[in-house]
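Welcome, and thanks for taking a look at this one. Please have the sequence and the model open side by side, and we will walk through a few of the side-chain pairings before stepping back to the whole chain.

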Amino acid sequence: MKRYFITGLLIWVPLGITLWVLNLIIGSMDQTLLLLPHAWRPEAWLGMHLPGLGVVLTLAVILLTGLVTANIIGQRLLLFWESLLGRIPVVKSIYYSVKQVSDTLFSGSGEAFRKVLLVRYPHSDAWSLAFQTNIPGDVAGSLDAEYVGVFIPTTPSPVNGFYFFVKKTDTIELGISVDVALKYIVSMGVVSSPDKQTLVNHSST
């Protein structure tokens, strides 16, 4: 009975968590329908609520925004909007900080989160997975050696973590992708890569 119960858990737990995450995402995107006038909302002319229509609206708005800003007029409107935000002290700091992060993560340019490293944390006898990020220029100029910026995510939630500057010679570069490293972190090491091999490209003595 115990074996059958565990087998059932192994089937239902991943499925249940997947459905829960999807429901959370779809429910959040459905909130965009509240931006529409009441007469335009699907339940007003269908007589019922259909979950998932907010996802369609969200994707349509994102696509339309991309199409509009792809031409010269759209780019000028975007610059005008950003110049307005740049005049508000607190909003300016938040907006441009978030924009730099999103540009790095989604544009494919830059070196942030392109390498997976091993760094000594939380003490000299332990190693932790980390993602290499960039070091601000004013900080790099104050360091007496070659350092790299690293983000050490927490387990099992990789969205939280710590940001450090460590000597490059004190890191080990792993030949695995960011996706594989995230699987390690989220699963707390339970999930391994298919080949179960880690390629070491750089190490310190």
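Let us begin with a charged pair: K168 forms a salt bridge with E146, and their closest N and O atoms are 3.7 Å apart. The term salt bridge is used here for a side-chain nitrogen of Lys or Arg within 4 Å of a carboxyl oxygen of Asp or Glu. By this rule the count is one salt bridge. The pair links distant parts of the chain, 22 residues apart: K168 sits in the loop between β4 and β5 (172-174), and E146 in the loop between α6 (137-140) and β3 (147-153). K168 is partly exposed, with a relative accessible area of 32%, whereas E146 is exposed at 54%. Buried means under 20% relative accessible area, exposed over 50%, and partly exposed in between, with a 1.4 Å probe and protein chains only.

A word on the source: this is a predicted model, in which local features need pLDDT of at least 70, side-chain atom pairs count only at pLDDT 80 or more, and totals for chains, interfaces and linings use all residues. Residues are numbered from 1 along each chain as its sequence is written, and side-chain values use heavy atoms, with hydrogens and water left out.

Now to the rings. A search of the whole structure finds four aromatic pairs, where rings of Phe, Tyr and Trp (its six-membered ring) pair if their centres lie within 6.5 Å, and planes under 30 degrees apart count as stacked, over 60 as edge-to-face and the rest as tilted. Two of these pairs are set out here.

| Pair | Centre distance | Plane angle | Class |
|---|---|---|---|
| Y121 and F164 | 5.5 Å | 40° | tilted |
| F162 and F164 | 6.2 Å | 20° | stacked |

Ring pairs link Y121, F162 and F164 into a cluster. Y121 lies in the loop between β1 (116-120) and β2 (127-133), 43 residues from F164 in strand β4 (residues 161-167). Y121 is partly exposed at 24% relative accessible area, F164 is partly exposed at 32%, and F162 is partly exposed at 37%.

Finally, the whole chain. The protein chain has seven helices and six strands, taken as DSSP runs (helices H or I, at least four residues; strands E, at least two) numbered from the N terminus. Buried residues make up 19% of its 205 residues. Among contacts (heavy atoms within 4.5 Å) between residues at least 6 apart in sequence, 41% join residues at least 24 apart.
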